[in-house]
Amino acid sequence: MKTKIFAVIAFMMLGLSLNANAQRLSYPRFHMGIRGGGTVNVDTDRGEPGVFPTIGIGMDFRLAPIPLYLETGAFYMNKMVDLGSNHDKDYDDTYNDHYIYAPLLASYHIYLSDKFCLQPFAGVTLGYLTESEMFEAAARVGIGMNFGRLYSNVGLDVSLTKHEWEDSGSYYTPAQYVTLFWTIGVNWAGSR
């Protein structure tokens, strides 16, 4: 299934690149800016969502004459999970797993005008979870939008790493994080 999805994405990007070459636009070589937004995170064992803000610095570099870019940066998000079922008011049943990570994404910039661009992306995030004290990898897909220097995106991370939690002597089945995220920000470097 994953192979089919990536094949469809690759085919779409190839078709768009042929169209983009015909337009002969001058594509920016680099963008950099600040991003802030929010996340909704669940784990596959407990399934109760946690919501938390996210922040970071994002950048992209054009890889070819076509508008194919490598996106990366440095970000923070809290992959918070509500462990639920314990209603003792003196007990905090929230698991805050702070995640410091760098995305490694391929994105294709579809310029609809000189100042407006759609940016579908796919790749991985690599980072460290401070509470679990382990390295985390996640598959990431989504779409960004650039209007002048304003940037926004929405996407989904699916953890490639299984996590084990222990809570007051209770052991939870190994689970993976699934995170929906959205950001908005401003590019201070790079044109358009």
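Q: Hey, which side chains meet in a salt bridge at 2.6 Å, N to O?
A: Those of Asp157 and Arg140. A salt bridge here is a side-chain nitrogen of Lys or Arg within 4 Å of a carboxyl oxygen of Asp or Glu. Before we go on: this is a predicted model, where local features need pLDDT of at least 70, side-chain atom pairs count only at pLDDT 80 or more, and totals for chains, interfaces and linings use all residues. Residues are numbered from 1 along each chain as its sequence is written, and side-chain values use heavy atoms, with hydrogens and water left out.

Q: Okay, where do Asp157 and Arg140 sit in the chain?
A: Asp157 is in strand 10 and Arg140 in strand 9, 17 residues apart, and the pair links distant parts of the chain. Strands are DSSP runs of E, at least two residues, and helices are runs of H or I, at least four, all numbered from the N terminus.

Q: Are Asp157 and Arg140 buried or exposed?
A: Both are buried. Buried means under 20% relative accessible area, exposed means over 50%, and partly exposed is in between (1.4 Å probe, protein chains only).

Q: Which ring does the charged end of Arg140 sit over?
A: The ring of Phe181, 4.0 Å from its centre. For that label, NZ of Lys or CZ of Arg has to be within 6 Å of the ring centre and within 35 degrees of the ring normal.

Q: How many salt bridges does a search of the whole structure find?
A: Two. Lys79 forms one with Glu136, and the closest N and O atoms are 3.2 Å apart. That pair also links distant parts of the chain: Lys79 is in the loop between strand 3 and strand 4 (81-82), Glu136 is in strand 9 (residues 134-147), and they are 57 residues apart.

Q: And why does Lys79 count as buried?
A: Because its relative accessible area is 0%. Glu136 is buried too, with 2%.

Q: New topic! How many aromatic pairs are there?
A: Seven. Rings of Phe, Tyr and Trp (its six-membered ring) pair if their centres lie within 6.5 Å; planes under 30 degrees apart are stacked, over 60 edge-to-face, and the rest tilted. Take Phe75 and Tyr101: their centres are 5.6 Å apart and their planes at 20°, so that pair is stacked. Phe75 is in strand 3 (residues 68-78) and Tyr101 in strand 6 (residues 98-108), 26 residues apart.

Q: What about Tyr99 and Tyr101?
A: Stacked as well, at 4.8 Å centre to centre with 15° between the planes. Ring pairs join Phe75, Tyr99 and Tyr101 into a cluster. Phe75 is buried at 13% relative accessibility, Tyr101 at 5% and Tyr99 at 0%.

Q: Now Thr161. Where is that one?
A: In the loop between strand 10 (150-159) and strand 11 (163-167). Thr161 has 15% relative accessibility, so it counts as buried.

Q: What does Thr161 touch?
A: Leaving out residues up to four places away in sequence, Thr161 touches several residues, including Glu136 and Ala137. A contact means heavy atoms within 4.5 Å. A polar atom of the Thr161 side chain lies 3.1 Å from the backbone nitrogen of Ala137.

Q: Last one: which strand is Thr54 in?
A: Strand 2 (residues 50-62). Thr54 is buried, at 7% relative accessibility. A polar atom of its side chain lies 2.6 Å from the backbone oxygen of Tyr76.

Notes: A polar contact is a pair of N or O atoms within 3.5 Å; within protein, one must be able to donate a hydrogen and the other to accept it, and residues adjacent in sequence count only if both atoms are side-chain atoms.
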